[in-house]
Every structure is written in C-alpha cells, then in structure tokens.
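Subject: Handover of a structure

Dear colleague,

Please find below the structure that I am handing over to you. My findings follow directly after it, and I would be grateful if you read them with the structure open.

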Amino acid sequence: MGLITLKNVSKSFDDVEVIPPLDLEIRDGEFVVFVGPSGCGKSTLLRLIAGLEDITSGRVEIDGVDVTEVPPARRRLAMVFQSYALYPHMSVRKNIAFPLRMAKLDKAEQSRRVESAAHVLNLTEYLDRRPGQLSGGQRQRVAIGRAIVREPEAFLFDEPLSNLDAALRVNMRLEISELHQSLKTTMIYVTHDQVEAMTMADKIVVLQAGVIEQVGSPLELYHNPRNLFVASFIGSPKMNFLRGDEADRHGAHTIGIRPEHIRISANEGEWKGTVGVSEHLGADTFFHVRCEELGATLTVRADGDNPLQYGDSVLLAPELAKLQRFDADGLRIT
Amino acid sequence: MARAVPARRKMLTTILGWGVGLTIFFPILWTFLTGFKTEAEAIASPPSFLLFDWTLSAYDAVNQRTDYLKHFWNSVVISFGSTGLGLLIAVPAAWAMAFVPAKRTKDILMWMLSTKMLPPVGVLIPIYLIFRDAGLLDTRLGLVIVLTLINLPIIVWMLFTYFREIPVDILEAARMDGAELRSEILFVLVPMAVPGIASTLLLNVILAWNEAFWTLNLTAAKAAPLTAFIASFSSPEGLFYAKLSAASTMAIAPILIVGWFSQKQLVRGLTFGAVK
Amino acid sequence: MISPAVALLLCWMLVPLGLTLYFSFLRYNLLMPGMEQWTGWTNYYFFLTDPSFWDAIRNTLTLVIGVLIITIIGGVLLALLLDQEMWGRNIVRLLVIAPFFVMPTVSALVWKNMFMNPVNGLFAQLSGLLGLEPFDFFAHAPLSSIIAIVSWQWLPFATLILLTALQSLDREQLEASEMDGAGSINRLLFIVLPHLARAITVVILIQTIFLLSIFAEILVTTNGGPGTATTNLTFLVYAQSLLQFDVGGGSAGGVIAIVLANIVAIFLMRMIGRNLDA
C-alpha cells in the first residue's frame, strides 16, 4: 500500500517559510507529478515526504501511520536522485543490492532480485562495472534498479531526467511510465518540465512559491486551469493572454486563448495581424503574429504545410467557446 | 578538441623539458652517485660521472660511525606518530565541519589556519622551557606532540576539503535505501573518505619527516630524527663527501618515493584547497 | 566533535604565546636562574636598537623577496614548459618536483659542500677546468648562496601549483581568443597570466609564511655569518635565546616576528576565506 497524506505540513529554513501549511493526499498506485518553476518548493516537498528534511509543523502519514518522526531509512520509500547518487566505490550489482543488504535479505534472494531488476532494465551485462564506467542513461537505470528491488511503498523521483539529453529523456519517460503500469506502485515525481508532467502523470500538483496552485489530472489542468499561473504553465506553446479593451469586451480583466484554438487565414477573422517568425515542426507550424490593434504578439498553430510567410497580412479567428476569462486577481471566471 | 602538435615542435619541447628537468634534478642525482664512490673519488678532478668503481664503502662507514637505523626509526615514529595522532583528532572535527556545518564553522576553520601562520620562533622559548621542565626534550613523544599540533590545522583543512566533496546526495540515498547511521558511515562514508584520508596521511608524513626547526631545536642525540642526524655532518672532519652523500641518500630516498606518489594531493593540501 | 581539535590548538596557541609575551617583559637569562625581574619595554628597546636586528630584518626581506622572485618567474616558465606536449612529460614532472621532498638539512649541506665548496665543490672544479678562478660562494656572497639553495627547494612547489592552475584553464577560452585574433604573446598576456594571477598570489603568500621561518638552511651552512650577513629574524631569535641564553630579549624578538608574520597572514586568510565561499 502506498497512501501518503500530508496534513497541514509546513517548512521553514531559519526564519524563511518556504512552504506554508498545506494538505495533500496521494492515493495508492497513483502517479503524481509535482511541477513548478525552479525554487517553487517542489523538491523540498518531496524531501519532506522522504524524511530527508524535518517538517516544521504538521504531519506526514503513510498508509494512515504517522511517520513524521520516522527516519528516512524506515519509511519504506525509495528515491531516485537528480544526480543519481550511485555509490562510486561499488559495482552496479552492489549498488542495486545495497537496499537489500540493508534489509538483511539472504544472499540468494538478493542476487535473484538484482538479476531480475537488471534484466528488466537491460543492465545485465553491466552488473560488474563501476558507475563511473557507465553512460548517463545507464546510470539512470541503475538508480531506478536500486529503487525497485526493495519493493517500496512508493517511489520518489527528484528531477531524474534533467541530466539526460533530449532523445534519451523521451525514452526514459516512456520506461518510467511503463514501469508504473507494471508495478502499480505509488510514484511521486518532481519536475520543472510541464511536458513530463502532462505525459506521465495521473495527477499533477502545480506549485508556486511553496503554495499548491492546483491539483488535477493533466486534462483538467489543461481545460480548466484555476488561475492565470496554471493556465500559463500548462500547455506548449504557452497560452496567449490579452488585456485591455479586448478583455473588457468579454467581461474579464484578462482573457486567454491557446495557440491551437485560433484559426489563421488571409481573409477570415476578427483580429488583424502581420506574420512574424514561423516555426515549422513538420506536422504543425507555429506562427508568431503581430496584432497592432490588440497591442500583442499571438502564437497560433496551423497545419504543417501552411504557406503563409514573414510579413504577410492575416486575419485571426479565435474559437470563442475555448476562450478563458480571468478576473483582476488572476482567478478564472467560470 | 586537442590539436595535433607538430612533431618538430614536440621534439624541441621534449629536449628543452628534459634538459631543464635533469638540471633541477641533478644535485639529487649527483648526491646519489657520490654515495657509491670512495672518498678520494668523490673529490677527484675532473669528476667522473658514471665511470667509477661503484662501492658501498661510504654506506658502511656511515653505518659504523653512526646509528643510521636509530635515526631512521626516530623519523618514522615521529612522522607517522604525529600524523596518526593528528588524524585521530582531526577526522571527527573535519567530519562535523563538512556534514553538520554550524554558523561558526567557517570562523573556526579560518582560526585554525591562522595558528599555522604563527612563526615557530615566536613560541620556541616557552616550548623549550616547558619541555625542559617536563622532561620532554630529546624525546620522541615530545616531537610527536609538537608536530601533531603544528600540522593539525593542515590535517583538518585537507580532510575538510576532501569530505566536503563527498556529495550529500549519496549519503541521503543510503538513508533512503534503509541504511541506519552505523551502516551509512561504515558502507558509504568511510569507503568514500578513505582516499582523502590516505592522501592527507601521506602529505603530513612528508611534512613531518622534513620538519627541521623543532626537530633541530628540541633533540640532541637520543630522539634525533634524520634531519638532525644529517645536520651533524655540518662540521666536516676530513674527507666526507661520499659519507655525506650516502647518509643523505638514505635520509631522502624513502620520502622522495612517497612524495612522488602523492604529488597530486600536494597542491590541494598545501594551498588548503585554494588551487586544485 | 570539533572541540578536541579546537581545545588543543587553543592551548597550543595561547599558552606559549602568553608565555612569550610575558617573558618579553622580563629580564630573564637562563644562566642566571631566579634573577627574573620585570623590566617593561627594555627588551624591546634593546632588541629594536641592536644593529643586528636591522641586519636581520634586511636579510629576512632579501631572502623572502629574492626567493619569491626566482621561484615565481622560474615557476611560471617551467609550468608553461611542462604544460606543452612532450615525450616523457610525467617523468620530467617527477624530476622537477623532486627537490621539494629533500629535507632542508640535506639540501643545504649538499649544496654547500658538494657544489659550492671553493676547493672540492663541483662548481670550483668546473671553473678550474675552464681555467677560471673558483668562486668562494659562502665567503663572498653568503646570502645569495642561501637564496639559491632555498629557491632550488621551493621552485618545485611554485611550478607544481602554477602548473595545476594552468591545466584548469578552459581550452575553449584560448580558442575563443585565437578566433578573436590574439597571437601567442597576446594570449599569454591577456588570458594565461590573468588566469594564473590567483595561483601566483597563493604561492606568494604560502611561501612567504614558510620563508619567514627559514632556519635549518642557515644553521647548517653559515650559522648566521659571516658577521650577521645571513642572520634572519628567526635565526637571530634562536641565537639570542638558545645561544646567548637571553630569554627576555629572544622573547621580544619572537613577539616582533609574530607581528610581522601576522601582517602577511591577514592577506593569506582573506584569500582563502574568499575561496571557502566560492
């Protein structure tokens, strides 16, 4: 079981409160992603759950048991670090076996579990190497292997993919999702990359300055962001925002419209604009359109073979049903 | 990307480099060679470089006239003793400073270093008098104590700079893997700290071995290490170049070899981590 | 866990220092035990007005500055040379750093007797072969001879540190400056030397600490002479207290040495302290 509950948890370093009191429930088997800009407190929150940081006030429960005072070694959680934190003086085999050795499992069981983890992670032929002799992706796998062998209540991932190159990152993303599907164990995953959050999570927790801005499934956040911050953080490219007259016309302080919800053409639409830089991704093209009347540059998605060019005059047609309205405090008007 | 160096240029730098290197090394080489000459050959003009009758007579003479082994053993006891004692005191201190830093840690480190700046001559008299009254003059224990104290700041600093480089992540990973404090120290911290401790040990043995202020001033005969033993050759009696060379070779050879092995750590250690 | 180390060092620092300070105000001679009496600043007065004190200060400064100039310039050149690709570079490196591991008494005696001796020394023999008059180093240039010996001992240290610093220079920075049109002289002046500035400062400060206390080299070669020609502050204090048994005067000298060393130390501590934050 891996039910994790935070009750009124807060954290201060010296006199600075980095996480004001918050509540959060993570259900058994869920894949939860903490996402937010750097310095938002997401890693700190993860370390509070791990027990690597002391909680200033409140309590952490695992499966209903208060573990606030329990040292990390006894929380039965496994963690994958950003730096991988492999033991440089041990072979891959010993690295993976370390938690089992600590749990005093018998040798036969240890090697059985190490072999099977190595098999799953394609590490079998590297078992006798030292971490220093492995590539970034392989080290990442060893770190994951070390986490899975002990069959923890939950996995904690602290930005595990940020040291990998782009192609490898997509691969490992899939592997971790695959792992979650087969293990069905609770996973808590910290990242600043909203694409990772959207693609992997059952539930996303958006954090800013230690405060939970919104909790929900990826599509909930995409369709119904609670406020301006979530609206701008989720989605790629970012949502376009307009203020002033155009927002007033829709009875809002700010209005937002996603690039995929604007149609671009030479002759049809209500906003006039001039095509600026265009980004051709093949399947899609993103145009950056300068709209003098609105006093803004909007990003618009179009088909991959759209022939518009730099300097062309165009008209933009927003899908009004998808338009989102925000009040002066940044909260979405529903 | 490194670019290929033209062979001609590499040839020139090689010749220049070896020329300079051998020039600097020459006094040591010459001493080594002279130790195998007879006293007459040692001052023969023109000097012979390699083509002389190699003999161990100078070594025999040194060993007969003086008790080389006793001084050698004094050097070993004093340098290893002071370094070992220093490590015993410094390891816990450096560990605490690196992993549980408090607000004053930095100040304490700087203050420790400042004691190293104290010119030894400034405290020579009190130490001499205290040692005289405590019966520590010309004892190995006395020198172990003094050398421990004068090298303690360096030992703490070196250990601190090594310990600080052990990533905290790894210790946390061990905790997450279910390691209690004892296992964390035993299986993770110690294996990662051993290389640092070893190079601290080597460097401080070298420093203590070659220390020549306190060893000259606080010993007479009984506890005199090799530095003082060699100093006894400063008032020459007859022909003594070969004997001086033989004794010098025996005094520096062990530590020169240790030094060659620890040259990388030397820079870090002696600059307190300011140059790596 | 820090406290044993701190306590020990505190004792080591305060007790002898306090005693030195106390003795420096006493008339205290080891040959006349029981005759100690308070004399105020007299010891300082005599020590500071003794002409040999000013000789010692001049010799100390000459020794420190002379060795620093030789080792820094030589060290930079050697470091630049050893940074080049060559066959057997590691062996050359070992040859160059070897003198650092030679104990001071050995290097002083070997140089004095086997090289600089006016009759049988290697230099005398070589000049004899060339038909020149042999030069009596310790009679005519005693301080310069000691500077040469000490420089030989410390050149490896400077070289090693400067070489380490040189190797940490980002190669892309050099290539960028090359693309910007800098020739090899300009690269040395504007990229390499500024990069070495910090390491040079470290070398200067650390060597100064050690060079201020040079002792064994003087003791076994010249015993401070002829006259006071090679007496530095450390040797003067030693001679005053352990040869003339004037503890009071020696202590006053010790206090002066401490004050001088502290002026250097303050700069060194600032450097290292800054590094601690970085």
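Chain B of this predicted model has a radius of gyration of 23 Å, whereas a compact globule of 276 residues would have one near 19 Å. Along its principal axes, the C-alpha trace of chain B spans about 75 × 70 × 35 Å. The secondary structure of chain B consists of 13 helices and zero strands, and reading along the sequence therefore gives the pattern α-α-α-α-α-α-α-α-α-α-α-α-α. Of the 276 residues in chain B, 50% are buried. Among the contacts in chain B with a separation of 6 or more, 80% are between residues 24 or more positions apart.

The C-alpha trace of chain C extends over about 75 × 60 × 35 Å along its principal axes. Chain C has 278 residues, of which 46% count as buried. If one takes the contacts in chain C between residues at least 6 apart in sequence, 68% of them join residues at least 24 apart.

The nonpolar cores deserve attention next. The largest of them has 158 residues, and those with the most contacts inside it are Val156(B), Ile230(B), Ile161(C) and Leu162(C). Helix α7 (residues 140-164) of chain B provides the largest share of this core, 17 residues. Another core, of 92 residues, lies apart from it and includes Val33(A), Phe34(A), Ala143(A) and Val190(A). As a general point, nonpolar side chains in soluble globular proteins tend to be buried together.

Which residues does Ile230(B) touch, not counting those up to four places away in sequence? In chain B, they are Ala247(B), Ser248(B) and Ala251(B). In chain C, they are Met103(C), Thr105(C), Val106(C) and Leu109(C).

Chain A has nine helices and 18 strands. The C-alpha trace of chain A spans about 75 × 45 × 35 Å along its principal axes, and buried residues make up 39% of its 334 residues. Residues 24 or more positions apart account for 62% of the contacts in chain A with a separation of 6 or more. The domain assignment of chain A gives domain 1 (4-232) and domain 2 (238-326). The centres of domain 1 and domain 2 of chain A, taken over C-alpha atoms, are separated by 38 Å.

As to confidence, chain A has an average pLDDT of 91, and 100% of the residues score at least 70. Within chain A, confidence is highest in strand β3 (residues 31-35), with a mean of 95, and lowest in helix α9 (residues 245-249), with a mean of 87.

Chain A also meets chain B. This contact takes 19 residues from chain A and 15 residues from chain B. Both α8 (168-176) and α9 (181-210) of chain B supply at least two residues each to the side of chain B that touches chain A. The most comes from α8(B), with six residues. That side of chain B has eight nonpolar, two polar and five charged residues.

- The peptide bond from Ser236(A) to Pro237(A) is cis, with omega near -5°. Pro237(A) is in the loop between α8 (228-233) and β11 (240-243) of chain A.
- Arg76(A) is a residue other than glycine with a positive phi, near 60°. Arg76(A) belongs to the loop between β5 (65-66) and β6 (77-80) of chain A. Because 19 other C-beta atoms lie within 10 Å, Arg76(A) counts as partly exposed.
- Glu159(A), which is not a glycine, has a positive phi of about 40°. Glu159(A) is found in the loop between β7 (154-158) and α5 (166-183) of chain A. Glu159(A) counts as buried because there are 21 C-beta neighbours inside 10 Å, and the cut-off for a buried residue is 20 or more.

Yours sincerely,

A colleague

Definitions and conventions:
Residues numbered from 1 in each chain as written. Chains lettered and ligands numbered in written order. Core = buried A, V, L, I, M, F, W, Y, C linked by C-beta atoms within 7 Å. Buried ≥ 20, exposed ≤ 12 C-beta atoms within 10 Å, placed from the backbone. Helix = DSSP H or I, 4+ residues; strand = E, 2+ residues; numbered from the N terminus. Contact = placed C-beta atoms within 7 Å. Nonpolar A, V, L, I, M, F, W, Y, C, P; charged D, E, K, R; others polar. Domains from an automatic or database assignment. Rg over C-alpha atoms; globule rule 2.2 N^0.38 Å. pLDDT = per-residue confidence, 0-100.
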